[in-house]
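These are my notebook entries on a protein structure. I set down in turn what I looked up and what I found.

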Amino acid sequence: MKIGLVLSGGGVRGIAHLGILKALKEKNIQITHITGTSAGAIAGALYANLVDPYDALKIFQNTRLLRLLKLAYGKPALLNLESSYKLFKEYLPHDSFDELNIPLTITATNFNNGKLTYFHEGGQLIRKVLASCCIPGVFNPIAIDNYLYVDGGVLNNFPVEPLLTDCDYIIGSSCNHLPPIKQIRSIKHILERTATLSVNHDVEEKTKKVDLLIEPENLGSIGIFEIQRAEEIYWIAHESALKKITEAGLTSIK
């Protein structure tokens, strides 16, 4: 059976995908195709190259990824995500989609023509993963083949479409569930909640296309840069995934 997995974007909340992947691995559910946006692109690329999900969590915790990012002086954004290239080269040394153990498709937004791009083959894997993560205004766009690319979540934060024709069963991992609120805490709260609402705008319709949705509750209230909560996010997602997998009766699907 061909089992597809779609991984949403969500900043540091994307650590949830690693907890979910760990649960799928523990239950011996073998994923045959992966699609991802932004943080989901990173999690998907590492897993597709057989990096253990908990080891991937430790990579982010031990390296303090945000500290590796350099200010993008004279550029149209605050930070240069390309400065983290060497870190990912350690875990994706071949830097190629074609060398991954699991087929991977990731999204990025072509900033020149305003269209969504799916990357799934050839080289420059790391640059394309990083391009998928380039939140506009925060990270400098990444140039690939004479085009500038930014976060795939701008146009598609839950890229289920590439899996629909190739997979018999699709699992969705979404990390942006928002709790109801009674009051606004700050301007930062307004901006972050608005951004999450925006990327979630069509997720409800898209999740109808998956056979199993794993969406840990209330992760949407966690800021996209709160890396200090990585371990908490990981285990919340892991427990949620185990529960969902059990309820769905999934065991050792191959």
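Entry 1: I am working with a predicted model. I began with helix α1 (residues 15-26) and helix α9 (residues 230-248), which pack with their axes 7 Å apart and at an angle of about 40 degrees. The angle makes α1 oblique to α9. I noted that the crossing of α1 past α9 is right-handed.

I then listed the residues that meet. On the α1 side they are Ile-15, Ala-16, Leu-18, Gly-19, Ile-20, Lys-22, Ala-23, Leu-24 and Glu-26. On the α9 side they are Ala-230, Ile-233, Tyr-234, Ala-237, His-238, Ala-241, Leu-242 and Ile-245. By type, the residues of this contact divide into 13 nonpolar, two polar and two charged.

I kept a general point beside this list: an α-helix has 3.6 residues a turn, so residues three or four places apart point the same way.

**Entry 2: aromatic pairs.** How many aromatic pairs does a search of the whole structure find? The search gives four. I looked up the pair of Tyr-54 and Tyr-234, whose ring centres are 5.3 Å apart. Their planes stand at 70 degrees, and a pair counts as edge-to-face over 60 degrees, so this pair is edge-to-face.

Tyr-54 lies in helix α3 (residues 53-63) and Tyr-234 in helix α9, so the pair ties together parts that are 180 residues apart in sequence. Is Tyr-234 buried or exposed? Tyr-234 has a relative accessible area of 0% and is buried. Tyr-54, at 24% relative accessibility, counts as partly exposed.

I also examined Phe-119 and Tyr-149, an edge-to-face pair with 5.3 Å from centre to centre and 65 degrees between the planes. Phe-119 is in strand β6 (residues 115-119) and Tyr-149 in strand β8 (residues 147-151), so I recorded a link between distant parts of the chain, 30 residues apart. Both Phe-119 and Tyr-149 are buried. Finally, I noted that ring pairs link Tyr-54, Tyr-234 and Trp-235 into a cluster.

**Entry 3: a covered helix.** I turned to helix α6 (residues 125-132), which is mostly covered, with seven of its eight residues buried. Among the buried residues of α6 are Leu-125, Ile-126, Lys-128 and Val-129. Ser-132 also belongs to helix α6, and its relative accessibility of 0% makes it count as buried.

What does Ser-132 touch, not counting residues up to four places away in sequence? I found Gly-36, Thr-37, Ser-38, Ala-41, Thr-107, Ala-108, Asp-151 and Gly-152.

**Entry 4: backbone angles.** I first wrote down the general rule that most residues other than glycine have a negative phi. Ser-38, which is not a glycine, has a positive phi of about 55 degrees. Ser-38 lies in the loop between β2 (33-37) and α2 (39-48), and with a relative accessible area of 5% it is buried.

Asp-95 also has a positive phi, near 55 degrees. Its place is in the loop between α5 (85-91) and β5 (104-110). Asp-95 is buried, with a relative accessible area of 14%.

**Entry 5: the whole chain.** The protein chain has nine helices and ten strands. Of its 254 residues, 53% count as buried. Among contacts between residues at least 6 apart in sequence, 75% join residues at least 24 apart.

Methods. Residues numbered from 1 in each chain as written. Predicted model: local features only at pLDDT ≥ 70, side-chain atom pairs only at ≥ 80, totals over all residues. Heavy atoms only, no water. Axes fitted to C-alpha atoms, helices over the stretch in contact; angles between N-to-C directions. Helix = DSSP H or I, 4+ residues; strand = E, 2+ residues; numbered from the N terminus. Parallel < 35°, antiparallel > 145°, perpendicular 65-115°, else oblique. Left-handed = near helix turned anticlockwise from the far one by under 90°. Contact = heavy atoms within 4.5 Å. Nonpolar A, V, L, I, M, F, W, Y, C, P; charged D, E, K, R; others polar. Phe/Tyr/Trp six-rings, centres within 6.5 Å; stacked < 30°, edge-to-face > 60°. Buried < 20%, exposed > 50% of the residue type's maximum accessible area, 1.4 Å probe, protein only.
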